[in-house]
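Me: Could you take a close look at the sheet for me, and at what packs around it?

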Amino acid sequence: MMAGLRKHGRGCDMFPSDPLQAPLWTVLASLTHARRMLEVGCGHGYTAAVMASAGGPDCHVDTIEGDPHHAELAEQAFLQRGLSRRIRVLRGRGQSVLPKLKGRYDVVFLDGDWREYPSYIPHLRRLTRPGSIIVTANLNPLFGGWGGRLPGKPAIQSYLTRLVRDPHFRTYVVPGEWHSISVRV
Ligand SMILES: C[S@@+](CC[C@H](N)C(=O)[O-])C[C@H]1O[C@@H](n2cnc3c(N)ncnc32)[C@H](O)[C@@H]1O
């Protein structure tokens with residue numbers, strides 16, 4: 001595993017996505033002919049690197065990270081992998097950075113603090129085009145996953161309810177995995 005993708009200490013609460021999910025990004029990149037992808041919750045850069053590789057040499061990834069140490073480790077990892085030109089790490093929390101972004105993304109991955117998700121919805125609309133795909137991770141707390149003691153269930157419920165009712169999206173929640181997959185219509 002490349003340096004930077006590991007946890008950096010016992011207190012680190014960074015959980016990279018399961019490598020079994022890696023082919024998902026190839027499927028989504030092909031489906032959307034992706035040129036721009038966006039991630040909230042870069043961690044140490046594992047999925048951003050997978051997304052960039054899946055999209056090929058003309059695809060760029062913007063990835064938002066709220067922890068400066070994680071952002072630093074991710075940038076080192078991208079440099080080592082020759083991906084720095086195509087992956088931009090945007091420092092700050094999703095709710096502060098998303099309003100500053102412009103243009104349209106073909107694929108969006110939400111993998112940070114789920115309590116912010118409801119505030120992302122106007123930006124998901126603004127930053128996508130018909131056919132864009134949004135994958136939302138970390139829905140487990142609503143469904144009793146991860147021990148069921150985590151805070152923020154009402155935020156996930158509010159996010160999913162609004163997303164499902166929003167005429168701009170069609171959404172499917174993957175049972176067991178508790179990710180949602182939405183297409184912008
Ligand atoms: C589950 S890890 C991300 C793993 C990464 N997506 C991957 O698969 O390799 C969550 C990361 O999101 C960051 N984070 C949590 N909430 C955030 C937020 N609201 N905005 C930006 N980053 C956030 C954490 O610091 C942590 O590095």
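Reply: Here's a walk through the sheet, then the helices, then the ligand shell.

A quick note first: this is a predicted model, where local features need pLDDT of at least 70 and side-chain atom pairs count only at pLDDT 80 or more, while totals for chains, interfaces and linings use all residues. Residues are numbered from 1 along each chain as its sequence is written.

The sheet is open, has 7 strands in the order 3-2-1-4-5-7-6, and its pairing is mixed. Strands here are DSSP runs of E with at least two residues, helices are runs of H or I with at least four, and both are numbered from the N terminus. Two strands count as paired if DSSP finds at least two bridges between them. Strand 3 (87–91) and strand 6 (169–174) sit at the edges with a single partner strand each, so one side of each has no neighbour in the sheet. From one strand to the next, the twist averages 15 degrees.

Strand 1 and strand 4 (residues 105–110) pair in the parallel sense, over 4 bridges. In that pair, Met-37 stands opposite Val-107 in strand 4.

Now the helices. Helix 1 lies across strand 4 and strand 5 (128–136), running at about 170 degrees to strand 5. Helix 5 (residues 117–126) also packs on the sheet, touching strand 4 and strand 5, and its direction makes about 155 degrees with that of strand 5. For these angles, axes are lines fitted to C-alpha atoms (for helices, over the stretch in contact), and values run from 0 to 180 degrees between N-to-C directions.

Helix 1 (residues 22–32) packs against helix 2 (residues 46–55) at about 40 degrees, with axes 8 Å apart. The two are therefore oblique to each other; the cut-offs are under 35 degrees for roughly parallel, over 145 for roughly antiparallel, 65 to 115 for roughly perpendicular, and oblique for the rest. Ala-22, Trp-25, Thr-26 and Ala-29 in helix 1 meet Val-50, Met-51, Ala-54 and Gly-55 in helix 2, contact being C-beta atoms, placed from the backbone, within 7 Å. By class, this contact has 6 nonpolar, 2 polar and no charged residues. Nonpolar covers Ala, Val, Leu, Ile, Met, Phe, Trp, Tyr, Cys and Pro, charged covers Asp, Glu, Lys and Arg, and the others, Gly among them, are polar.

Helix 5 packs with helix 6 (residues 153–165) at about 25 degrees, their axes 8 Å apart. That makes helix 5 roughly parallel to helix 6.

Last, the ligand: strand 1 (36–40), helix 2 and strand 2 (60–65) each supply at least two residues of its shell. By class, that shell has 6 nonpolar, 8 polar and 7 charged residues.

Key:
Contact = placed C-beta atoms within 7 Å.
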